Amino acid sequence: MRVRDLLDMPGLGLRLLTDVTGLDRAIKHVYTTDLPDPGRYLTQGDLVLTGMIWCREPGDADRFVRALARAGAGVLGAGEALGSVPPEVIDACGRHGVALLAVPAETSFAAVTDEVGRRLSGDRATAMTRVLGRRRRLLSAVAEGAGLDEMFRLMGREIGMPCWLLTGTGQLVGGTSAALPRPVALRLAAEYLKADRLPAEIPVLKLGATRDNATGSDGGDWGDWGDVDARYSLFGVGGEPRLTSWFLACAGRDQDWAHELRESVAELAADVALERARLDAGRAGDRKLAEAIVTRLAADGSSSAEIASLMRAADMSPDARYLVAALRADTDGRMGGVPAERWRCDLAVELAVPHGDRALVAALGEEVIVLVPLRDSPGRDRAEPDGPPPAHAFADRLRETQPVFEADRSRLRLSVGVSTPAFGVAALAGALHEASSARRLAALRGSGGSGRSGSAAISAAISAAISVVTSDEVASHELLLASVPGTVLRSFRERLLGPLLAYDEQHRAELLGTLREFLACSGSWNACAAKMYVHVNTVRYRIRRIEELTGRDLSCLDDRVDFFLALRIT
């Protein structure tokens, strides 16, 4: 109830002694006291009734009212049994923003307490009726498989504020309001992953201002953002790991909400968790079929007709156009006790959903393979309407999640390879090979390995939490290296460069650096000397020493190629 409701109660005769701004102040409890400083016993929303026995000396009124304000008790009822309310009490209430009511001598505090108690009980009963009715509607919607859109439609009117459902990687699943801007969704996801406990309150900065103020809670840069524009409260949906779970982002501070609103949001989170469990159960069956398809695509000599039949069973056209992505996720931390294959597949699903509602996901060894159906297009590998080619659009969206993966406490490292579009089932096996080879190169780049050449977008991914490579971005020798087993590559590098590494470690001769610059300068003695700021004879001496230690001839193209490849192996 509110102060205006209390003033309207017949028979009490209460009067408002402060300004009318206090008329809409909420009253949740009643507390009677004549202690000089009752602050420790008060709670937010209390109506404090007092006989003012404590008001004897200057300063008593200010101390008493200040204690109320600090405790959040915003309404004071002053009894007039001992006389009119003193001016200093009225002044103190005005200064500290406490609504002051005069309780006439003929009205007992018990009568005020009883009336407030009856009104609050009625309000709680009405609220409980609304809660139960809403609960029945939501449960019916879940039981009938109404889906997330219907849930948010039902709850939109009840909550009365913007609320969105997002994945742990920042993908928007649904909501009661217009879609969130992509940078805001990614920021919220990063803060959700970092939060010590939930619900968590997150300030979000508005777009379009200076970069100087654009820092997250960890000091990270979030783009051209300005001052704080809005605050969001984040609520977890489901369990661990957070990276593959969902969460609700609601506008406002949950601490400022009424109890009924907090309950409504908690109900929505619980029902969304039920819907997520239903979707996961359906995916479990689909995943068995997906594993059969991917296993046959990876095997030599598999029948295209058999694979096409399995794809039809999975409700995927064997004649459609697909992207194939290969992912591998490694982590230094635990992922909530969830088996590795499961959370990796769940992560792949969340990353693929914005690109294809019917994406097919299955584990293949240490990798997870994703088949993403694309919209029909008349040309091979043509860009989608008003956008980049499909493989690049897919890769760019994954790269946008870099701050999210950096925020995850499991220190996850994700390497992804993306094929060019494959037309029909006959092309899928080759696309799978492309994606896996690109994925291995992405892992090399992500660990700070070879690949100083190539596109700027790939080079920027070195030592990143997420490294993405599309097959058409890969130079021929890089794709070759990515296709060779790591043990073979390391053995080749050790045999060729091991003597140079050992000599440099013992003599600090810079043979390896000289070799790298010599090859980068296409074997030019003068250009190499100029880049290294040494005399040309020094370069000649070092190259001769390299040839003596390795038994190779750097005037021979074959030997130069071997050195070039060895230098690009981590």
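A salt bridge is taken here as a side-chain nitrogen of Lys or Arg within 4 Å of a carboxyl oxygen of Asp or Glu. I keep this criterion at the head of the notebook and note that the model is a predicted one.

**Entry 1: helices H16 and H17**

I looked up glutamate 517 and lysine 531, whose side chains meet in a salt bridge with an N to O distance of 3.6 Å. The two residues are 14 apart and link distant parts of the chain, with glutamate 517 in helix H16 (residues 511-520) and lysine 531 in helix H17 (residues 525-532). I recorded glutamate 517 as partly exposed, at 25% relative accessibility.

**Entry 2: the structure as a whole**

I then turned to the totals. I counted 19 helices and 16 strands in the protein. Of its 570 residues, 46% count as buried. I read an accessible surface of about 27,200 Å², with 51% of it belonging to carbon and sulfur atoms. Among contacts between residues at least 6 apart in sequence, 63% join residues at least 24 apart.

**Entry 3: further salt bridges**

How many salt bridges does a search of the whole structure find? I noted 26. One of them joins the side chains of glutamate 350 and arginine 276, at 3.4 Å from N to O. Glutamate 350 belongs to helix H9 (residues 340-352) and arginine 276 to helix H7 (residues 259-298), so this pair ties together parts that lie 74 residues apart in sequence. I checked the accessibility of both partners: glutamate 350 is buried at 3%, and arginine 276 is buried at 10%.

I next examined aspartate 346 and arginine 342, whose side chains form a salt bridge at 3.9 Å, N to O. Both residues are in helix H9, and because they are four residues apart, about one helical turn separates them. Aspartate 346 counts as buried, with 11% relative accessibility.

**Entry 4: strand E6**

Is strand E6 enclosed by the rest of the structure or exposed? I found that five of the five residues of E6 (residues 163-167) are buried, so the strand is largely enclosed. In a regular strand, side chains alternate between the two faces of the sheet.

I looked up the partners of E6 next. Strand E10 (residues 246-251) pairs with E6 in the antiparallel sense over five bridges. Strand E7 (residues 172-175) also runs antiparallel to E6, joined by three bridges. Leucine 166 stands opposite phenylalanine 247 in E10, and its bridge partner in E7 is leucine 172. E6 and E7 form a hairpin with four residues between them, and in the turn I noted glycine 170, with a positive phi of about 90 degrees.

**Entry 5: tyrosine 322**

I ended with tyrosine 322, which is found in strand E11 (residues 321-330). Tyrosine 322 is buried, with a relative accessible area of 1%. Which backbone oxygen does the side chain of tyrosine 322 reach? I identified that of serine 317, at 2.6 Å. Leaving aside neighbours within four places in sequence, I listed the contacts of tyrosine 322, among them Met311, Leu371, Pro373, Thr420 and Leu428. Threonine 420 is 98 residues from tyrosine 322 in sequence, yet the C-alpha atoms of the two are 8.5 Å apart in space.

Key: Residues are numbered from 1 along each chain as its sequence is written. This is a predicted model: local features need pLDDT of at least 70, side-chain atom pairs count only at pLDDT 80 or more; totals for chains, interfaces and linings use all residues. Side-chain values use heavy atoms; hydrogens and water are left out. Buried means under 20% relative accessible area, exposed over 50%, partly exposed in between (1.4 Å probe, protein chains only). Contact means heavy atoms within 4.5 Å. Accessible areas come from the Shrake-Rupley method with a 1.4 Å probe; for residues, only the protein chains shown count as cover. Two strands pair if DSSP finds at least two bridges between them. A polar contact is a pair of N or O atoms within 3.5 Å; within protein, one must be able to donate a hydrogen and the other to accept it, and residues adjacent in sequence count only if both atoms are side-chain atoms.
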